[in-house]
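Morning, everyone. I have a few minutes and one model to show. Please look at the screen.

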Amino acid sequence: MTDYYVGLDISQKSTAICVIDENGKPICEGVAVSRPADIFNWLKNRIDIERPFRVGLEAGTLSTWLYRGLTKRGLDLTVMETFQAHRFLATMRNKTDKNDARGLAQLLRMGGEDFLRVVRIRSQASQETRTLLSVRWHLLVQKTRLENHIAGIIKPYGAIVRRGKISPEDFRRNIITAANDVESQGVDLIPIIMPILDLYRLTCAKIDPINEKIEAIAKSIPMVSKFMEIPGVGPITALSFYSAVDYPERFKKSTDVAAYFGLTPKQIQSGATDYTIGISKRGDPSVRRALVTAATVLLTNTKHWCSLKAWGVRLVKRIGISKARVAVARKLAVIMHKIWLNDDKWRPKTINNSEWRKLANVKITPALESIL
């Protein structure tokens with residue numbers, strides 16, 4: 001039986017701590033520096049750490065570091081889902097660190113296994129992989145923003161430069177050429193745009209080494225290589241899914257994985273009202289984005305036909321490409337989890353003649369033009 005329940009409200013510099021007993025009565029409260037050693041010493045000096053007690057904290061940027069540091073010191077830690085903890089703490093009249101720590105302790109005490117939503121801390125290797133993927137994504141976003149900004153600078157002078165599917169060197173060359181062309185208007189743009197062009201070149205130079213490192217990591221993990229056998233799934237999608245799930249056994253059903261990444265419809269039900277709206281978009285947006293991208297590639301760029309693509313094409317005909325690719329992304333998440341859980345491999349079902357004729361007779365629409 002647990003004697004104490006401890007709530008930790010984490011901030012960058014300090015952590016509010018509240019200890020309550022099994023009846024919910026506060027025993028001691030205070031503040032410690034947000035470091036594992038300081039929090040542990042605070043508890044050690046105020047309660048008998050030999051007696052059974054649980055420690056709860058809300059998931060956040062520092063929760064992984066504190067979890068590893070405190071569990072190494074023998075504490076029983078529970079990391080609670082941010083959404084649930086936030087809604088529970090919102091019931092309190094005053095929003096203070098002290099009240100938040102007390103509320104987290106009470107939530108830990110009252111929440112059973114079927115109610116309390118516990119966050120599983122990822123392994124160190126998965127966390128490092130996710131950091132690498134995050135850095136790559138932000139570099140790509142910065143590259144696109146720089147391209148748009150540079151092209152927008154010279155556009156008022158009548159210079160239109162192509163963007164998108166073009167190499168960084170070609171884009172830089174076209175910008176310089178366009179800037180030279182507007183000199184006839186008496187405007188010298190080269191000294192103005194060169195600093196941002198240098199920043200653009202530096203940003204682009206950092207992306208390729210990261211892509212090579214991601215591909216090397218993906219090939220070194222056997223399960224990720226199995227994911228990449230699925231049409232449309234590349235190193236980014238496979239590695240994003242692998243590092244985000246980390247422990248496939250924590251999902252009771254494979255369909256729960258799709259809900260974990262926010263790819264399932266959100267239900268609104270109260271009394272006689274019962275309807276669903278768009279996908280919940282809960283969970284990791286980077287994995288959801290990667291899965292939707294893989295589904296789009298499967299539907300539009302993959303030439304090899306299989307049952308999964310045929311199913312997706314039929315969905316495109318019925319509900320449109322936007323909703324169909326989300327449904328295919330949901331299916332991809334389920335398939336990859338099944339492969340991982342059963343240590344299996346991708347087993348595509350071939351399309352028989354009747355199914356192919358049925359697809360071939362589909363009326364061509366703008367959405368289907370790029371698929372069939």
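Start with charge. The chain has 58 positive and 36 negative charges, and their mean positions lie 7 Å apart. Lys and Arg count as positive, Asp and Glu as negative; His and the chain ends are not counted. Each charge is placed at NZ of Lys, CZ of Arg, CG of Asp or CD of Glu.

Now, a caution. This is a predicted model: local features need pLDDT of at least 70, side-chain atom pairs count only at pLDDT 80 or more, and totals for chains, interfaces and linings use all residues. Residues are numbered from 1 along each chain as its sequence is written, and side-chain values use heavy atoms, with hydrogens and water left out.

Next, the overall build. The chain has 15 helices and 7 strands. These are DSSP runs, numbered from the N terminus: helices are H or I, at least four residues, and strands are E, at least two. The radius of gyration is 26 Å, well over the 21 Å from the globule rule for 372 residues, so the chain is more spread out than a compact globule. That radius is taken over C-alpha atoms, and the rule is 2.2 Å times the number of residues to the power 0.38. Of the 372 residues, 41% count as buried. Buried means under 20% relative accessible area, exposed over 50%, partly exposed in between, with a 1.4 Å probe and protein chains only.

On to the rings. How many aromatic pairs does a search of the whole structure find? It finds 7. Rings of Phe, Tyr and Trp (its six-membered ring) pair if their centres lie within 6.5 Å; planes under 30 degrees apart are stacked, over 60 edge-to-face, the rest tilted.

Take F227 and W340. They are edge-to-face, 6.0 Å centre to centre, with 70° between the planes. F227 sits in helix α8 (residues 222–227) and W340 in helix α13 (residues 321–342), so the pair ties together parts 113 residues apart in sequence. Both F227 and W340 are buried.

F251 and Y260 have ring centres 5.2 Å apart and planes at 70°, so this pair is edge-to-face. F251 is buried, at 9% relative accessibility. Y260 is partly exposed, at 31%.

Last, helix α9, residues 235–245. Here 8 of the 11 residues are buried, F241 among them. The buried residues of α9 pack against several helices, including α8 and α13. After α9 comes D246, with a positive phi near 65°.

How values were computed. Contact means heavy atoms within 4.5 Å.
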